[in-house]
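Subject: Structure handover

Hello,

Here is the structure I promised to pass on. Please open it alongside this note.

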Amino acid sequence: MHESLSKKKTKEGEVFSIETIIRQEIDADFDSVYKVVNTAFLNAAHTTHDEQNLVVRLRNSTAFVPELSLVAIVDDEIVGHIMFTKIVIKAEKKTHTSLVLAPVAVLPKMQAKGIGGKLILEGHKVAQALGFTSVILVGYPGYYPRFGYIPGK
């Protein structure tokens, strides 16, 4: 996927577009992704400061779906990452295979520019193409509803 953020006028003036490429993560990206995730969560309010190691553990698990580990690239630099992994939900005698979104990370200098949203939306598209019908997450309740997530009870 190749996409640009649109140019728009704000109270502060004109915001220039940022050309963003969203693509599947490859092995050569692993070190950069580790650093991006670590940096993105350094000063986050709700963090274990282990999200970068979570990515490594998930990547090495049976829950890993390679097509759903995506990177965002701006000016040949990986600036964001998202991962969706498989989960089986069991209720009474029924089971349902779903996905968990965790984590989504964008370098602080690139946050609030729509990159995280682009990663989420592209992940949804790929997940749907792979036949998945639901995604769950634990995250900031003020952010995720704009992408169709409904807070649990």
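How many residues does helix 3 have, and how far does helix 3 reach from its first C-alpha to its last? It has 15 residues and reaches 21 Å. That is close to the 21 Å expected at 1.5 Å a residue. Keep in mind throughout that this is a predicted model.

**Overall layout**

The protein has three helices and eight strands. Along the sequence the pattern reads β-β-β-β-α-α-β-β-β-α-β. There are 153 residues, and 37% of them count as buried. Take the contacts with a separation of 6 or more: residues 24 or more positions apart account for 58% of them.

**The nonpolar core**

The largest nonpolar core has 38 residues. Leu 68, Ile 82, Ile 115 and Leu 119 have the most contacts inside it. Six elements each supply at least two of its residues: helix 1 (30–41), helix 2 (51–59), strand 5 (64–74), strand 6 (77–91), strand 7 (94–106) and helix 3 (115–129). Strand 5 gives the most, with eight residues.

**Helix 1**

Helix 1 has 12 residues, which should span 16 Å at 1.5 Å a residue. Its end C-alpha atoms are 17 Å apart, which agrees.

Which residues of helix 1 are buried? They are Val 33, Val 36, Val 37, Ala 40 and Phe 41. These residues cover an arc of only 115° around the axis, so they sit on the same side of helix 1. The spacing fits a general rule. An α-helix has 3.6 residues a turn, so residues three or four places apart point the same way.

The face turned away from the buried side of helix 1 carries the exposed residues Asp 31 and Lys 35. What covers the buried residues includes helix 2, strand 5, strand 6 and strand 7.

**Helix 2, at Leu 58**

Leu 58 is in helix 2. Is Leu 58 buried or exposed? Its relative accessible area is 17%, under the 20% cut-off, so Leu 58 is buried. Not counting residues up to four places away in sequence, Leu 58 touches Phe 64, Met 83, Thr 85 and Ala 102. Phe 84 is 26 residues from Leu 58 along the chain. The C-alpha atoms of Leu 58 and Phe 84 are separated by 9.4 Å.

**Back to helix 3**

The buried residues of helix 3 are Ile 115, Gly 116, Gly 117, Lys 118, Leu 119, Ile 120, Glu 122, Gly 123, Val 126 and Ala 127. Lys 118 and Glu 122 are among them. Just after helix 3, Gly 131 takes a positive phi of about 95°.

**The largest pocket**

The largest pocket has a volume of about 1,100 Å³. It is lined by 38 residues. Closest to its centre are Phe 41, Val 104, Tyr 140, Tyr 143 and Tyr 144. Phe 41 is also one of the buried residues of helix 1.

Helix 1, helix 2, strand 7 and helix 3 each supply at least two residues of the lining. Which element gives the largest share of the lining? Strand 7 does, with six residues.

**Backbone points to check**

Most residues other than glycine have a negative phi, and most peptide bonds are trans.

- Asp 75 has a positive phi of about 50° although it is not a glycine. Asp 75 is in the loop between strand 5 and strand 6. At 70% relative accessibility, Asp 75 counts as exposed.
- Ala 112 is not a glycine either, yet has a positive phi of about 65°. Ala 112 is in the loop between strand 7 and helix 3. At 87% relative accessibility, Ala 112 counts as exposed.
- The peptide bond from Ala 102 to Pro 103 is cis, with omega near -15°. Pro 103 lies in strand 7. Ala 102 is also one of the residues that Leu 58 touches.

Best wishes

Key:
Residues numbered from 1 in each chain as written. Predicted model: local features only at pLDDT ≥ 70, side-chain atom pairs only at ≥ 80, totals over all residues. Heavy atoms only, no water. Core = buried A, V, L, I, M, F, W, Y, C linked by side-chain atoms within 4.5 Å. Buried < 20%, exposed > 50% of the residue type's maximum accessible area, 1.4 Å probe, protein only. Helix = DSSP H or I, 4+ residues; strand = E, 2+ residues; numbered from the N terminus. Expected span 1.5 Å × (residues − 1). Arc of directions from axis to C-beta. Contact = heavy atoms within 4.5 Å. 1 Å grid on protein atoms, 1.4 Å probe; cavity = no way out; pocket = protein on both sides within 12 Å on 5 of 7 lines; lining within 4 Å. Points joined across faces, edges and corners; volume = space filled by probe spheres on them.
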